[in-house]
Amino acid sequence: MEEVIYRHQDQTWHLSAHRAIFWQEEQALIVSDLHLGKSAHFRKAGIAVPANIGQDDLYRLQLLITAYNPSQIIIVGDMFHSRENNDVPYFKLWRQQFAHIRFKLVKGNHDILPATTYEALNLEVFDTLIIRNIHFIHEPCSEEDAAGYTFSGHLHPGIVVAGAGRQRLRLPCFYFGRHCSILPAFGRFTGLATLEPEEDEAVFVIAENSVLKVN
């Protein structure tokens, strides 16, 4: 599996080209912004989008679980896009094959399902999750708000890189700042918010199933 290993905050992070991080010391697979059910939400509104996007994303997650064999999966918000639809029972069936793995959901702004639904899906739900003084929250905090180092999602970060000739590409990335890190959106049916990192901030871009350090 294509990855880059990065040491940060005295921990070891495996940055996967499949838009996920494996935290070696905690045997944790970390993803953010799956937005399961988003395609159904758009189709219901009359917008033509492919029907199996959520299933394809869960298959990618399944490949990562097989590769890294984690003991826990941390989802840093926006697991489901909005209200319950067909992707919820599909996830419940998919989840059964990994009953031995703890799934920890840090609630995002789109995670509005009833608590009983999360319980039925065997998901542990948190507003903030703290492990080894690493704070997992959905929305990035400001430097002034940082109580500890944070991992977040929400922004769907991307960065503009120069290609051949005058070509410029906007690609998803992992961002490691002084006070927080931001994960790329795991779901394929998501946009990008362009970041402009400082010189001392690390950025790893995801391009053609590779992870490359660009800052």
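**Questions about the core and the aromatic rings**

User: Leaving aside neighbours within four places in sequence, which residues is Phe103 in contact with?

Analyst: A quick start: this is a predicted model, where local features need pLDDT of at least 70 and side-chain atom pairs count only at pLDDT 80 or more, while totals for chains, interfaces and linings use all residues. Residues are numbered from 1 along each chain as its sequence is written, and side-chain values use heavy atoms, with hydrogens and water left out. With contact meaning heavy atoms within 4.5 Å, the partners of Phe103 are Ile65, Ile73, Ile75, Phe91, Trp94, Arg95, Phe98, Asn122, Leu123 and Glu124.

User: Which residues have the most contacts inside the largest nonpolar core?

Analyst: A nonpolar core is a set of buried Ala, Val, Leu, Ile, Met, Phe, Trp, Tyr and Cys residues joined through side-chain atoms within 4.5 Å. Buried means under 20% relative accessible area, exposed over 50%, and partly exposed in between (1.4 Å probe, protein chains only). The largest core has 27 residues, and those with the most contacts inside it are Leu61, Ile65, Phe80, Phe91 and Phe103.

User: Which element gives the largest share of this core?

Analyst: Helices (H or I, at least four residues) and strands (E, at least two) are DSSP runs, numbered from the N terminus. Two or more core residues come from each of β3 (20-23), β4 (28-31), α2 (53-68), β5 (72-75), α3 (87-95) and β6 (102-106). The largest share, five residues, is that of α2.

User: How many aromatic pairs does the structure hold?

Analyst: Rings of Phe, Tyr and Trp (its six-membered ring) pair if their centres lie within 6.5 Å; planes under 30 degrees apart count as stacked, over 60 as edge-to-face and the rest as tilted. By that rule, the number of pairs is 15.

User: What is the centre-to-centre distance in the pair of Tyr6 and Phe176?

Analyst: Tyr6 is in strand β1 (residues 3-8) and Phe176 in strand β12 (residues 168-176), 170 residues apart, so this pair links distant parts of the chain. The planes are 65 degrees apart, making the pair edge-to-face, and the centres are separated by 4.8 Å.

User: What separates the C-alpha atoms of Ala202 and Phe176?

Analyst: Ala202 is found in strand β15 (residues 202-207), and its contacts include Tyr6 and Phe176. Ala202 and Phe176 are 26 residues apart along the chain, yet their C-alpha separation is 5.0 Å.
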